[in-house]
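Here is my note for you, written as numbered points. Keep the sequence and the 3D view open while you read.

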Amino acid sequence: MVKAVVLGAAGGIGQPLSLLCKMSPLIDVLSLFDVVNSPGVAADLSHIATKAGDFKGEQQETEDAKKAALSGADIVIIPAGVPRKPGMTRDDLFKINAGIVKDLIVACSKYCPKAFILVISNPVNSTVPIAAEVLKEAGVFDPKRLFGVTTLDVVRAENFVAELLNQKDSSKFNIPVVGGHSGNTIVPLFSQTQPSVDIPADKLDGLVHRVQFGGDEVVKAKDGAGSATLSMAYAGFRFAEALLKAAKGEKGIVEPTFVYLPGVEGGDAIAKATGCDYFAVPVELGPGGAEKAINIVSKANDYEKKLLDEATKALKTNIEAGVNFVKGASK
Ligand SMILES: NC(=O)C1=CN([C@@H]2O[C@H](COP(=O)(O)OP(=O)(O)OC[C@H]3O[C@@H](n4cnc5c(N)ncnc54)[C@H](O)[C@@H]3O)[C@@H](O)[C@H]2O)C=CC1
Ligand SMILES: O=C([O-])CC(=O)C(=O)O
């Protein structure tokens, strides 16, 4: 019996993500929580007859509602919080989203301390360290079970490469994207693409920039109505599904994700090489969650090493902001 919870279920990402969860044969019970309109979303989805039944939308911001939503959860996916508007960076969201994520993780630490937690809320580079610090303070932190969802960067990289090479099917490309999830902290390692690809030298800078700033394309096109929601729901579900399959025992599943490196096998060497405790790297998933971090960073070519240098500088500041948000508050 697998129980999945979506926190922020009535939002732009939350609704299509909840629909994908409702359609998944890997999920038996789906629980939706938001501070607005989640009973409506739940009622709507309940008319679809699929396996993920027995679910309810909890709305009030009360302890009882959070307890009902989260108790017994195996996987919690969190797209709660505000999205960007044109002219904003993801870091501009910290002021509001840091507190939202902190409160929701406090509830997870009480009601489902062993669940896999997937953080989508931005800025991921800081909200994941916030989540880790909250779980540490509660004495229930398992680094193998906490993930920052960076799959949209992978999805974009795969799709943009397919587009550039005039290939219709992006699913045949496997492109690791490492680092963080904002601007120049996002580092696509095209040299590690499987199967290998030849990217024309005069197109490389533009391609890297497009992956790093792909979110801006959507923010601009939506013109004040938010950021990526549908592609994010797809990406979030792709990662959740991979994790649930691995949890059931399927072998060989590897996905890039933003994790606390010192707590994952193989992560120490990457933390040492990058100077960052949190980093997105390809991770082998298994029944316990993040079983092994794969050190693909050490294989970066000279061009990618420069990108990594820039990424780690910015990432360290973002990580520190997240850690201090929780540690500062508890002093
Ligand atoms: N990791 C990634 O790759 C991506 C992350 N995002 C981020 O995801 C977040 C959500 O984006 P959207 O769905 O477009 O925003 P949205 O505003 O459409 O939806 C957010 C939902 O969160 C709810 N919410 C706010 N406070 C809450 C709380 N305390 N508890 C439960 N629910 C709460 C709101 O009521 C709303 O329904 C943003 O921070 C955005 O930047 C967006 C795209 C990609
Ligand atoms: O750009 C944003 O603010 C939303 C996001 O994280 C993305 O689309 O990658």
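How many nonpolar, polar and charged residues does the shell around ligand 2 have? Keep that question in mind through the first points, and remember that you are looking at a predicted model.

1. Let's start with the answer. The shell around ligand 2 has two nonpolar residues, four polar ones and three charged ones. You can find them by name: Arg84, Arg90, Asn122, Leu152, Arg156, His181, Gly215, Ser227 and Ala228.

2. Next, look at the arginines in that shell. The side chain of arginine 84 has an N or O atom 2.6 Å from an oxygen atom of ligand 2. For arginine 90, a polar side-chain atom is 2.8 Å from an oxygen atom of ligand 2, and for arginine 156 the distance from such an atom to a ligand 2 oxygen is 2.7 Å. On its own, ligand 2 has 260 Å² of accessible area, and the protein covers 95% of that.

3. Now turn to ligand 1, which sits in the largest pocket. There are 30 residues around ligand 1, and those that come nearest are Gly12, Ile13, Asp34, Val82 and Asn122.

4. Which classes make up the shell of ligand 1? That shell divides into 18 nonpolar, 10 polar and two charged residues. Helix 4 (residues 94-111) gives the most to the shell, with three residues. Each of domain 1 (3-150) and domain 2 (151-321) supplies at least three residues to the shell around ligand 1.

5. For ligand 1, take a look at some backbone atoms. A polar backbone atom of glycine 12 is 2.7 Å from an oxygen atom of ligand 1. Valine 82 has a backbone N or O atom 2.9 Å from an oxygen atom of ligand 1. In valine 149, a backbone N or O atom lies 3.3 Å from a nitrogen atom of the ligand. Of the 870 Å² of accessible area that ligand 1 has on its own, the protein covers 87%.

6. The last points concern the backbone itself. Most peptide bonds are trans, and most residues other than glycine have a negative phi. Proline 123 is in the loop between strand 5 (116-119) and helix 5 (124-137).

7. Where is proline 195? Look in the loop between strand 8 (186-188) and helix 7 (201-212). A cis peptide bond joins glutamine 194 to proline 195, and omega there is about -15°.

8. Finally, visit asparagine 166, in the loop between helix 6 (151-164) and strand 7 (177-179). Its phi is near 55°, which is a positive value in a residue other than glycine.

Note on methods:
Residues numbered from 1 in each chain as written. Chains lettered and ligands numbered in written order. Predicted model: local features only at pLDDT ≥ 70, side-chain atom pairs only at ≥ 80, totals over all residues. Heavy atoms only, no water. Near = heavy atom within 4 Å. Polar contact = N/O pair within 3.5 Å; in protein donor to acceptor, adjacent residues only side chain to side chain. Areas by Shrake-Rupley, 256 points an atom, 1.4 Å probe, with all protein chains shown as cover. Nonpolar A, V, L, I, M, F, W, Y, C, P; charged D, E, K, R; others polar. 1 Å grid on protein atoms, 1.4 Å probe; cavity = no way out; pocket = protein on both sides within 12 Å on 5 of 7 lines; lining within 4 Å. Sits in = over half its atoms within 2 Å of the grid points. Helix = DSSP H or I, 4+ residues; strand = E, 2+ residues; numbered from the N terminus. Domains from an automatic or database assignment.
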